[in-house]
Amino acid sequence: MYMFQRRYTTFNIVIALGISLLVLSKNVLAQSVPDYVTKQVPEAQVVGNAMFTYMFWDVYDATLYAPKGQWQSDAPFALKLDYQRSLDGKKIAQRSVDEMRKQGISDEAMLSEWRDKMASLFPDVEDGDVITGVATSNRASEFYINGELAGTIEDTNFTQSFFDIWLSEKTSEPKLRKALLQK
């Protein structure tokens, strides 16, 4: 009987500890929202997080923030990309345009203009650099490089198309989308 009670008590302690760690990790995530995100995204909390891997290379860790952790396409939100490897900024801009094209954007003059704007904002990144895109309440896109505002693109069509790369049902990375949106 004593042995059963001891195991039962140990089991209860392990369960309580596990639940405490889950609650603590959720609170830590909620508290780790960057200040520049909370300025544009009221009550910002993490919606989801996932690593984007190309072939077998980790490229970036993506985190989606939205008010109270509930993403809506017409409300402000932020997508933070923590890069795990070095990439050329112009290639990031070109890849973004290629992904927009896959989503059905076919106006080449507009895509060229958007590529040039992104190329002027996106630096070459190294392992550890962070680029955060914020869809503001007026549907502009603000871009932060390592927490510093790099620039704004005030074009609602661009904002929709840019964030659709990750969040649209037409994304080329549905598993990443599912993890970001927690669906």
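I took buried as under 20% relative accessible area, exposed as over 50% and partly exposed as in between, with a 1.4 Å probe and protein chains only. I noted that this is a predicted model, in which local features need pLDDT of at least 70, side-chain atom pairs count only at pLDDT 80 or more, and totals for chains, interfaces and linings use all residues. Residues are numbered from 1 along each chain as its sequence is written, and side-chain values use heavy atoms, without hydrogens and water.

Entry 1, helix α4. I located α4 at residues 108–121; helices are DSSP runs of H or I with at least four residues, strands runs of E with at least two, both numbered from the N terminus. I found L111, W114, M118 and L121 to be its buried residues. They lie on the same side of α4, because their arc around the axis is only 85°, taken from the directions from the helix axis to the C-beta atoms. On the other side of α4, I found A109 and S120 exposed. The cover over the buried residues includes α3, β5, β6 and α5, contact meaning heavy atoms within 4.5 Å.

In the contact, S96, E99 and M100 of α3 meet F158, S161, F162 and I165 of α5.

S161 touches M100, I105 and W114, with residues up to four places away in sequence not counted.

Notes
Expected span 1.5 Å × (residues − 1).
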